[in-house]
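Subject: Structure for your files

Hello,

The structure follows below, and my notes on it come after. Please read them with the model open.

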Amino acid sequence: MKEFETSFGLCREPSRDMLEKASARALGVGTSGLGKVAILRRSLDCRKGVCEYRFRIRAFVKGEEALEYDIPEYRDVADAMPVIVIGCGPAGLFASLRLIMEGIKPVILERGKDVHSRRRDCAGISRHGVIDPDSNYCYGEGGAGAFSDGKLFTRSTKRGDIREVLYQFVRFGADPDILIDAHPHIGSDVLPKVVENMRSCIIEHGGECHFNSKVTDLRSSGDGWTAVCADGTSYSSSDVILASGHSATEFYDLFAQRGWALSAKGFALGVRAEHKQSLIDGIQYRGRRDPQLPPAEYSLLTQVRGRGVFSFCMCPGGVIIPSSTSEGETVLNGMSDSRRSSRWANAGIVCSIEPGDIPGYGKYGPLELLEFQKNIERRMWNFSKSFKAPAQRMTDFCIGRLSRNLPATSYSPGVVCAPLHLMLPEQVADRLREALPLFGGKMKGFFNEDALLLAVESRTSSPVRILRDPVTFQSLSLPHVYPCGEGAGYSGGIVSSAIDGICAACAVAAEHHITRS
Ligand SMILES: Cc1cc2nc3c(=O)[nH]c(=O)nc-3n(C[C@H](O)[C@H](O)[C@H](O)COP(=O)(O)OP(=O)(O)OC[C@H]3O[C@@H](n4cnc5c(N)ncnc54)[C@H](O)[C@@H]3O)c2cc1C
């Protein structure tokens, strides 16, 4: 067996013949002596002024055994031990699928609606300026991952096997290309169907999925826990997986009120920057135009006075969306479809903030950065008293001048001219002002007067951590409660949240000494 790298120029999908010839050459055998050939990874390389797709290939000599990833089978859990899973985002969904593999019955309680009903509610925010606090871009089946950009890469590979997540996505309908792409991406036109297929699998194997079931309390009950929903319904089980995401601040309040273990956690806050995609393509591909090249991405990072300023969740060919979860707060994020077909490129440009950085918030204890986050989101809302986002040209922001007018944007609720240089917290505004021209130095043309900044990008990750035991995954205060995913403060993004959910499910199985048969 040999793994090797090669390129076929700008060809994204080499033919079988091309692959076999390259593999036979690498192994030093004739094509008749060749066994299985698999592409492990595909990446676009434009570093040396020439763009080409590079492939990592694994090739076997005939007769050698090819190792493939083996996902455990789902079992019938209709009569098995139930475990409550709060939240149906990536962490809750992947935890539930894993529970089924382990022979445990997931009972999902999700405050929002099914993924298709959500679409209407999300559209209603832009069209009518009205938000449903239980069904929006963050809440409902699929969680914040369902109408997202659907980028599936994570820098954290320590906690679990990313392949389980990618193979499951493919099993439920994603393009198998995600198994080999260096920067896999699904898109918000495909993700809802994938999520729906996951739910069908959970129900077919005996799990339960209850929508419109917002959990408002968690009570210890004899030999386990009772989750009480807003409509008075309650569900009991010995163990609870808490995967409610980082927007469900009610859980942080509940934990803080009851004195259950929490700590403040650093996060990042800033703006969403938007350019024309053609400009970003021109910069990244050095003026080369080729229909085979995908909309270009970028990733920027610098340090300004001890804090990182960086691009976050870059969406090539995407749109900016209102990802608030209730009226009275302005929060932005980006999403794209599988073809990344819009003419816009957007990314968060954010500055990291650590506990203790913001004077005056220490009195909130573990909730200090959560209170700070809420305050900034309210400030942005109060400027327009609507989902219209406060915005400023990038160049005006850096010289501290209100923009007289604003360029076109993909953000459909609309924008209003605002002095973001004064509205953002000083610690953030000052650092962004230094970093943006530096980014312009790295990417010539990035810093220009048609680049638009919109505020606020604030839900980059959780500003609170629900403390848990690193081995058992159980809350330090609540035995048999497993906080996981982004809301617990242990992951950021779809893949790492899914992996964290899988780890929580495995921890439940280990606690009950359940072993896969
Ligand atoms: C617009 C947008 C674009 C994004 N793009 C990307 C991307 O391209 N790539 C990437 O990796 N990440 C992206 N993210 C981030 C990613 O979606 C999250 O990191 C991920 O969804 C976190 O998963 P989670 O399961 O921990 O939480 P969530 O996805 O937030 O899911 C939590 C679930 O819990 C439910 N819930 C909350 N409170 C309660 C309650 N009291 N009772 C019952 N249910 C409750 C919510 O309704 C929700 O469904 C994006 C996020 C947004 C908003």
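Asp121 counts as buried at 15% relative accessibility (buried means under 20% relative accessible area, exposed over 50%, partly exposed in between, with a 1.4 Å probe and protein chains only). Its salt-bridge partner is Lys113, with the closest N and O atoms 2.9 Å apart; a salt bridge here is a side-chain nitrogen of Lys or Arg within 4 Å of a carboxyl oxygen of Asp or Glu. Lys113 is partly exposed, at 25%.

This is a predicted model, in which local features need pLDDT of at least 70 and side-chain atom pairs count only at pLDDT 80 or more, while totals for chains, interfaces and linings use all residues. Residues are numbered from 1 along each chain as its sequence is written, and side-chain values use heavy atoms, with hydrogens and water left out.

The structure holds 38 salt bridges. Arg468 and Asp500 form one of them, the closest N and O atoms being 2.9 Å apart. That pair links distant parts of the chain, 32 residues apart: Arg468 lies in the loop between strand E21 (464–466) and E22, and Asp500 in helix H12 (residues 494–511). Helices (H or I, at least four residues) and strands (E, at least two) are DSSP runs, numbered from the N terminus. Both Arg468 and Asp500 are buried.

Glu5 forms a salt bridge with Arg54 at 3.3 Å between the closest N and O atoms. Glu5 is in strand E1 (residues 2–7) and Arg54 in strand E3 (residues 52–61), 49 residues apart. Glu5 is partly exposed at 46%, and Arg54 is partly exposed at 23%. Through shared partners, salt bridges join Glu3, Glu5, Glu52, Arg54, Arg56 and Arg58 into one network.

Which charged residue is buried yet has no salt bridge? Lys265 is, and the nearest side chain of opposite charge, Glu486, is 7.2 Å away (Lys and Arg count as positive, Asp and Glu as negative; His and the chain ends are not counted). Lys265 sits in the loop between strand E11 (262–264) and strand E12 (267–276). Its side chain reaches the backbone oxygen of Ser462 at 2.6 Å.

Lastly, an open sheet of 5 strands runs in the order E6-E5-E4-E10-E22 with parallel pairing; two strands pair if DSSP finds at least two bridges between them. Its edge strands are E6 (208–210) and E22 (481–483). Strands E4 (residues 82–86) and E10 (residues 240–242) pair over 3 bridges, and Ile86 stands opposite Leu242 in E10.

Regards

Technical notes
Polar contact = N/O pair within 3.5 Å; in protein donor to acceptor, adjacent residues only side chain to side chain.
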